[in-house]
Amino acid sequence: MPWPSRKRDKGAVADKKEPDAKIAKTEETSDKEEEEKSSKPPAGSSKSGWKNWKKKESESGGEESKITYCHWLLKSEPESRLEKGVDVKFSVDDLKAQPNQTTCWDGVRNYQARNFLRSMKLGQQAFFYHSNCKEPGIVALVKIVKEAYPDHTQFDQKDPHYDSTSRKENPKWSMVDVQFVRMTKRFIPLSEIKAHHLAHKADGGPLKDMMLFSRQRLSIQPLTQEEFDFVLSLEEEKPH
């Protein structure tokens, strides 16, 4: 039997400052979502980061990114929390401990998140994001190694994500397989990403429309190439 379901959807709890409210491979975090975890952005830090990134892009001759979703952000809880008697914790270390460092991304019970799962293509990369913990943020890169197929947990009555209304001949819910690629060179906290988002929202920039801040409750979120490249570039910078 596969490891416990650890990605949640329905209306999962938000990242809170209290350490006892945890949710694993999160789906929907609540209205107080992770924005509560992000502290006030440091003045001026984002704009300079964007300029530096733009400079690197021009120096490398990079083309302007198309506004399409080709990368992803996957939220998962790194700390233990029981749901219907099952610990839904799943950290990046748990992923690395799996055979071939690969896992099915199951338990998604939100239709928009499910549709994003179904849009994922083989080989696409995603950020592994620790959610609903003391300091949420990006810790690693993973890649899609199997495209969407029926989520077995919807038919398992012992699983926290069992759905009695789903039928095997027409499954409601899907999952993909992901494989660990590497840790990011440093932890990229939500607070830092938010600082850039706010600066870009005011002045224009790659993170101005980032779904992490417009649809905070989704545990699976798409990223444009430009968003992905900018966030990844932050690992090269010293933390603010």
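Strands S5 and S6 form a hairpin with six residues between them, and Asn132 in the turn has a positive phi of about 50°. Strands here are DSSP E runs of at least two residues, numbered from the N terminus, and two strands pair if DSSP finds at least two bridges between them. This is a predicted model, in which local features need pLDDT of at least 70. Residues are numbered from 1 along each chain as its sequence is written.

**Strand S5 and its neighbours**

- Five of the six residues of S5 (residues 125-130) are buried (under 20% relative accessible area, with a 1.4 Å probe and protein chains only), so this strand is largely enclosed by the rest of the structure.
- S5 runs parallel to strand S1 (residues 69-76), to which five bridges join it.
- Within S1, Ser76 stands opposite His130 of S5.
- S5 runs antiparallel to S6 (residues 137-150), and six bridges connect the two strands.
- Phe128 has Ala140 in S6 as its bridge partner.

**Strand S7 and its neighbours**

- S6 also pairs with S7 in the antiparallel sense, over ten bridges.
- Lys143 has Gln179 in S7 as its bridge partner.
- Strand S4 (residues 102-104) is joined to S7 (residues 174-189) by three bridges, and these strands run antiparallel.
- Gln179 in S7 also stands opposite Thr102.

Definitions and conventions. This is a predicted model: local features need pLDDT of at least 70, side-chain atom pairs count only at pLDDT 80 or more; totals for chains, interfaces and linings use all residues. Side-chain values use heavy atoms; hydrogens and water are left out. Buried means under 20% relative accessible area, exposed over 50%, partly exposed in between (1.4 Å probe, protein chains only). Helices (H or I, at least four residues) and strands (E, at least two) are DSSP runs, numbered from the N terminus.
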